[in-house]
Amino acid sequence: MTERLYASDPSLLEFDAAVVGRREHEGRPAVILDRTAFYAESGGQPWDTGTLGDARVVAVLEDGADVLHVLDRPLAEERVHGVVDAARRRDHVQQHHGQHLLSRAFVETARAETIAFHLGGEVTTIDLDRPVTVDQARAAERRANEIVWEARPVRVSTLSAAEARAQGLRPPEGALADVRIVEAEGFDRQPCGGTHPRTTAEVGVVVVTALERYKVGTRVSFVCGHRALAATARRQEVLDGLVATLSAPLDDLVAAARKAKDDLVEGERKSRALLDRALEGEARRLLDEARGASPAPATGPPAVIVAAYDGWAPNDLRVLATRLVALAPCVALLGSRSDKAHLVFAQSEGLPHDVPALLRAALEPLGGKGGGRGNMAQGGGDRLDRLDEALARSADAVRARA
Ligand SMILES: [Zn+2]
């Protein structure tokens with residue numbers, strides 16, 4: 001059984017120990033020591049990292065009564081010096097103890113119990129058993145921080161499982177042996193095997209960053225200590241960028257962003273209306289041009305309109321084709337050179353051509369595909385250089401049939 005040095009002294013980060021077992025874990029060497037300051041992953045708190053002699057400790061796992069240290073290389077020594085990564089440990093202590101305080105604060109302010117806890121690489125979450133409002137979350141955050149700033153002592157004690165239950169604590173389901181109790185003086189007492197600070201002040205600050213509905217309750221994301229500082233710096237960077245982009249002071253940022261969004265919507269509406277008018281004008285111009293080429297438009301065959309544009313979106317070609325076939329009996333063969341060679345073919349109601357077949361034939365030399373039904377078809381291919389040729393051939397096919 002490995003003696004867990006962190007249980008009695010969570011500030012101990014260096015130690016000497018004897019190797020009492022050697023294993024392999026998922027292809028990596030692993031050792032069991034007679035004593036360790038490395039915390040093994042459990043109860044939502046991730047494992048410590050660090051070194052044993054020359055080897056890096058990449059994972060630390062509970063293995064029955066033992067603690068398994070998974071290493072990046074084999075360890076030959078019988079006695080080793082261990083060093084726990086202090087920054088990672090401090091981070092875990094801040095997030096984990098912050099969780100104790102925030103969970104208790106939610107019981108006080110919203111009578112919400114914590115039913116799950118996850119300490120992630122960036123954000124830590126707790127799941128509450130009922131929905132909480134933003135105001136309740138702010139109240140809980142305030143309460144947790146008051147406890148942090150009062151620098152209350154954090155004590156560890158041991159109770160039998162029966163004593164713990166008798167005192168209203170909830171040891172793990174089916175626990176028979178002694179239960180380790182972590183207490184933030186006068187505020188919170190929890191059964192917990194994790195690493196904790198000497199006083200609540202070490203948590204630094206507790207900041208709730210998000211609330212979301214989760215199952216029947218709320219998932220609360222939060223950051224503590226140095227993570228809160230990093231999160232603030234990140235947010236400040238984003239805000240500075242927005243202040244510069246929108247040319248508005250911080251306090252006016254939301255109003256400026258709303259205005260920019262409204263202006264954009266209005267601008268898009270206006271530009272769509274102008275585009276529609278332009279397409280209407282283009283349709284009339286194309287028809288006039290076609291009629292000019294045909295001396296007796298009233299009695300001659302329907303006009304065949306061929307046009308190619310640079311940079312037009314397929315949707316604009318569609319709108320133009322729809323206008324054309326509605327304005328006069330005609331066949332519209334439209335193309336655009338943009339990211340691809342796009343084609344839109346259409347004919348007026350009552351004309352005899354198989355428009356989808358016409359389109360498929362035109363797309364073949366473009367190396368493309370497309371389709372359609374009835375009087376409208378569209379598609380595209382990569383061979384921009386063959387667009388004009390494809391349109392001309394289609395026009396010949398239509399005229400031959402007429
Ligand atoms: Zn804990």
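This report describes the sheets, helix packing and nonpolar cores of one structure. The model is predicted.

Six strands make a closed barrel in the order 2-3-7-6-5-8, and their pairing is antiparallel. On average, neighbouring strands of this sheet are turned by 45° against each other, direction ignored. Strand 2 covers residues 14–25 and is joined to strand 3 by six bridges. Within that pairing, Gly21 has Ile32 of strand 3 as its bridge partner. Strand 2 and strand 3 form a hairpin with two residues between the strands, and Glu26 there takes a positive phi near 50°. On to the next pair: strand 3 (residues 28–33) and strand 7 (residues 66–71) run antiparallel and are joined by three bridges. Here Ala30 stands opposite Val70 of strand 7.

| Strand pair | Bridges | Sense | Source |
|---|---|---|---|
| strand 2 and strand 3 | six | antiparallel | |
| strand 3 and strand 7 | three | antiparallel | |
| strand 10 and strand 15 | five | antiparallel | |

Strand 10 and strand 15 pair over five bridges, and Leu128 has Thr218 in strand 15 as its bridge partner.

**The nonpolar cores**

In soluble globular proteins, nonpolar side chains tend to be buried together. The largest nonpolar core here has 24 residues. Leu101, Leu102, Phe106, Ile126, Leu128, Val206 and Val220 have the most contacts inside this core. Two or more residues each come from helix 2 (86–110), strand 9 (114–119), strand 10 (124–128), helix 3 (134–149), strand 14 (206–214) and strand 15 (217–224). Apart from its neighbours within four places in sequence, Phe106 is in contact with Arg111, Ala112, Ile126, Leu128, Val132, Gln136, Ala137, Ala140 and Val220. A second, separate core has 21 residues, among them Ala307, Leu317, Val325 and Ala328.

**Helix 8**

Which residues of helix 8 are buried? In this helix (residues 355–363), they are Val355, Pro356, Leu358, Leu359, Ala362 and Leu363. These residues lie on the same side of helix 8, because they cover an arc of only 160° around the axis. An α-helix has 3.6 residues a turn, so residues three or four places apart point the same way. The cover over the buried residues of helix 8 includes strand 17 (330–337), strand 18 (341–347), strand 19 (369–373), strand 20 (376–381) and helix 9 (387–401).

Conventions:
Residues are numbered from 1 along each chain as its sequence is written. This is a predicted model: local features need pLDDT of at least 70, side-chain atom pairs count only at pLDDT 80 or more; totals for chains, interfaces and linings use all residues. Side-chain values use heavy atoms; hydrogens and water are left out. A nonpolar core is a set of buried Ala, Val, Leu, Ile, Met, Phe, Trp, Tyr and Cys residues joined through side-chain atoms within 4.5 Å. Buried means under 20% relative accessible area, exposed over 50%, partly exposed in between (1.4 Å probe, protein chains only). Helices (H or I, at least four residues) and strands (E, at least two) are DSSP runs, numbered from the N terminus. Contact means heavy atoms within 4.5 Å. Two strands pair if DSSP finds at least two bridges between them. Axes are lines fitted to C-alpha atoms, for helices over the stretch in contact, and angles run from 0 to 180 degrees between N-to-C directions. The arc is that of the directions from the helix axis to the C-beta atoms.
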